[in-house]
Amino acid sequence: MFNQAAVHVLPQTNQLRALHSIIRDKHASQEDFVFYSNRIIRQLLETGMNLLPFEPRLVTTPIGASFDGLQLAVKLCGVSVIRAGESMEPELRAMYPGLRMGKILIQRDKQTKLPDLLYSHLPPDISERHVLLLEPMLATGGSALAAIEVLLKAGVPEEHIIFVNLLAAPVGLKRLLDTHPKLRVVTASVEKELTDQAYMIPGIGDFGDRYFGTAR
């Protein structure tokens, strides 16, 4: 069993379950898949942002009254794992205009089945920032671990990384958090199991292909 305290699962409301019912349906159109996935992605990002440090901010309202508010206390950036993770970028940019973004491309070797880092480009000051790592699918955890290793080598403290994810397999969560216990994960669903072919059940298919319209 994974460390449940480190995993923040969205409240399984009727609305969220209805959204899942649309995007998990194999007959869903690409238009519907993108639209309703984005609604879930916004919830995930809002939850991830809520885990960041905030500090007091006193403001004056239009009627001259004071309001004891808050403001983000740290520098932030997003890092997407290409290609599926790029689906989460527009919502994050809409929430945080001008946010710096990094990219990591990891591909599984067909022979060794191990993840290979093919490309990364990160903000030069990323070690000073908290990072929202964007990757919709977490199956075995191999690609996520490789992406986290890139961030750690760039100087990002483990506790400054929030992994924002749509669907997660229990085995992937356990592997991720056993390796990086200070990591925090935000997900919309912890799936039932993982097949021998590393497909999640009940699953959603290939998220990137369905989102970007490249499914065959």
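Start with helices α4 and α5: α4 passes α5 in a right-handed crossing, meaning that the near helix is turned clockwise from the far one by less than a right angle. Helices here are DSSP runs (H or I, at least four residues), and strands are runs of E of at least two, numbered from the N terminus.

This is a predicted model, where local features need pLDDT of at least 70, side-chain atom pairs count only at pLDDT 80 or more, and totals for chains, interfaces and linings use all residues. Residues are numbered from 1 along each chain as its sequence is written, and side-chain values use heavy atoms, with hydrogens and water left out.

**Stop 1: the helix pair**

Select residues 142-153 for α4 and residues 170-179 for α5. Their axes come within 9 Å and cross at roughly 25 degrees. Axes are lines fitted to C-alpha atoms, for helices over the stretch in contact, with angles from 0 to 180 degrees between N-to-C directions. The two helices are therefore roughly parallel (angles under 35 degrees).

Now show the side chains. On α4, pick Gly-142, Ala-144, Leu-145 and Ile-148. They meet Arg-175, Leu-176 and Thr-179 of α5 (contact means heavy atoms within 4.5 Å). Four of these contact residues are nonpolar, two are polar and one is charged.

**Stop 2: inside α5**

Stay on α5 and select Lys-174 and Asp-178. Their side chains meet in a salt bridge, 2.6 Å from N to O. A salt bridge is a side-chain nitrogen of Lys or Arg within 4 Å of a carboxyl oxygen of Asp or Glu. The two residues sit four apart, about one turn of the helix. Lys-174 is partly exposed at 35% relative accessibility. Buried means under 20% relative accessible area, exposed over 50%, partly exposed in between (1.4 Å probe, protein chains only).

Next, select Lys-75, Arg-100, Asp-125, Glu-128 and Arg-129. Salt bridges with shared partners join them into one network.

**Stop 3: links across the chain**

The structure holds ten salt bridges. Go to Arg-24 and Glu-191, whose closest N and O atoms are 2.8 Å apart. Arg-24 is in helix α1 (residues 14-24), while Glu-191 is in the loop between β10 (184-190) and β11 (193-194). This pair links parts of the chain 167 residues apart. Arg-24 is partly exposed at 22%, whereas Glu-191 is buried at 4%.

Finish at Arg-42 and Glu-91, bridged at 2.9 Å between the closest N and O atoms. Arg-42 belongs to helix α2 (residues 30-50) and Glu-91 to helix α3 (residues 89-95), so the bridge ties together parts 49 residues apart in sequence. Arg-42 is partly exposed at 30%. Glu-91 is buried at 16%.

Technical notes: Parallel < 35°, antiparallel > 145°, perpendicular 65-115°, else oblique. Nonpolar A, V, L, I, M, F, W, Y, C, P; charged D, E, K, R; others polar.
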